[in-house]
Amino acid sequence: MILVTGGAGFIGGNFVLDWLAEHGEPVVNLDKLTYAGNLNTLAAVQSDTRHHFVRGDIGDPALVAQLLAEYQPRAVLNFAAESHVDRSIHGPGEFIQTNVVGTFNLLEAVRGYWHELPAGRKAAFRFLHVSTDEVYGTLSAGDPPFAETNRYEPNSPYSASKAASDHLVRAWHHTYGLPVLTTNCSNNYGPYHFPEKLIPLVILNALTGKPLPVYGDGQQIRDWLYVKDHCSAIRRVLEAGRVGQTYNVGGWNEKANLDVVQTICGLLDELKPRDDGQLYRTQITFVTDRPGHDRRYAIDARKLEQELGWKPAETFESGIRKTVQWYLDNQPWVQNVVNGAYREWTDKQYPLQHA
Ligand code: NAD
Ligand code: TYD
């Protein structure tokens with residue numbers, strides 16, 4: 001049994017689906033179901049007896065302690081977070097609450113549980129913290145990609161809150177001996193991505209005839225990784241990562257935002273041409289830049305490859321094609337997000353649980 005937090009979100013949801021399909025070990029899935037949590041993502045495992053969903057907050061130590069005592073997991077994987085940079089600029093409070101205070105409370109509950117485990121299970125236990133490359137700050141054009149040894153220089157409220165959580169996880173290992181692992185991954189894309197982030201937003205806006213908003217000059221660079229490759233990296237780190245280590249995860253896919261948007265437009269022109277015969281790229285609109293916008297992220301994933309033999313299965317070209325096709329094939333999932341129906345259902349079915 002493993003306990004996953006944030007498993008109704010984009011990456012956590014993909015992780016749970018892939019885990020149950022490929023691994024088979026039962027999962028307790030603790031998710032608060034904020035606006036970013038979507039149970040429709042987990043529809044395929046809704047009646048799977050290996051999947052135990054609990055609506056609750058990682059910052060509720062009594063609830064977490066109760067779940068740990070009840071399910072006795074061999075590992076806790078922490079995906080739960082506020083994750084959107086633009087939202088963190090408009091309202092940083094929730095980011096501090098969940099990403100910093102929530103991670104602290106989670107660590108304390110897990111430490112209490114782990115401390116009482118018998119020796120063998122105690123040694124085998126893992127706390128895997130899912131983090132981001134944004135903790136390293138921004139790169140200039142000629143800089144080498146981020147290695148695990150780079151200084152932390154976060155620039156947004158989001159990345160600062162994630163950096164703080166990484167520091168807490170590190171300290172809980174060094175001070176208390178909690179067997180932790182941390183992964184710092186680059187930008188993900190793929191199925192079930194909430195359409196506030198660049199790639200799903202552009203696909204959705206293109207199909208509904210809306211402008212495709214490109215911040216500033218569109219030359220900011222992100223290093224894109226297909227979400228299922230991120231999930232396979234996490235599985236590998238959980239299986240064989242060295243305790244106390246951090247692993248950077250990336251796909252060697254640096255792309256300027258404008259190129260990403262143009263690639264999506266080209267794929268849509270091919271797969272679902274506009275009724276009026278125009279090209280989707282005519283919808284591209286340059287808009288005011290994000291304040292403090294990091295110019296470039298790039299990941300050096302050699303440690304993960306050399307130590308643990310992990311490599312991504314998708315190139316950006318193969319992954320983005322699959323992604324665009326997935327959004328075309330899964331319009332009901334998208335529509336439920338757009339019209340808010342997924343929220344009404346959530347509130348009716350799952351009141352927030354407390355211990
Ligand atoms: P997401 O916003 O799609 O999902 C977050 C999930 O966490 C949601 O289901 C939400 O309901 C849940 N959640 C939020 N606050 C909670 C709380 N207090 N208690 C319990 N559950 C809570 O995020 P994502 O894109 O899936 O990211 C998952 C993790 O991966 C995050 O920690 C993020 O920092 C990290 N990450 C994301 C990316 C990316 O490109 N999306 C890249 C690298 C790392
Ligand atoms: P985003 O998906 O929000 O991820 P992050 O900020 O964590 O990298 O944004 C990816 C890039 O795309 C980032 O440089 C900001 C840019 N962007 C736009 O140009 N337009 C948009 O509408 C959005 C949401 C993002």
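**Entry 1. Conventions.** I number residues from 1 along each chain as its sequence is written, letter chains from A and number ligands from 1 in the order in which they are written. The model is predicted, with local features needing pLDDT of at least 70 and side-chain atom pairs counting only at pLDDT 80 or more, while totals for chains, interfaces and linings use all residues; side-chain values use heavy atoms, and hydrogens and water are left out.

I then listed polar contacts, which are pairs of N or O atoms within 3.5 Å. A polar side-chain atom of Asp31 sits 2.6 Å from an oxygen atom of ligand 1. For Ser83, a polar side-chain atom is 2.7 Å from an oxygen atom of the ligand. The side chain of Tyr158 has an N or O atom 2.7 Å from an oxygen atom of ligand 1. The protein buries 97% of the 830 Å² that ligand 1 exposes when taken alone (accessible areas by the Shrake-Rupley method with a 1.4 Å probe).

Next I checked secondary structure, where helices (H or I, at least four residues) and strands (E, at least two) are DSSP runs numbered from the N terminus.

Ala, Val, Leu, Ile, Met, Phe, Trp, Tyr, Cys and Pro count as nonpolar, Asp, Glu, Lys and Arg as charged, and the others, Gly among them, as polar.

**Entry 2. Ligand 2.** I found 17 residues around ligand 2, with Glu134, Pro213, Arg222, Arg290 and His293 the closest. An N or O atom in the Arg290 side chain is 2.6 Å from an oxygen atom of ligand 2. Asn257 places a polar side-chain atom 2.9 Å from an oxygen atom of the ligand. Leu198 uses a backbone N or O atom, 2.9 Å from an oxygen atom of ligand 2. Taken alone, ligand 2 exposes 510 Å², of which the protein buries 96%.

α7 (198-207) and β8 (212-215) each supply at least two residues of this shell, and β8 gives the most, with 3 residues. The shell divides into 7 nonpolar, 5 polar and 5 charged residues.

**Entry 3. Helices α2 and α4.** Which residues of α2 meet α4? I listed Pro61, Val64, Ala65 and Leu68 in α2, against Asn105, Leu106, Ala109, Val110 and Tyr113 in α4 (contact means heavy atoms within 4.5 Å). These divide into 8 nonpolar, 1 polar and no charged.

How values were computed. Near = heavy atom within 4 Å. Polar contact = N/O pair within 3.5 Å; in protein donor to acceptor, adjacent residues only side chain to side chain.
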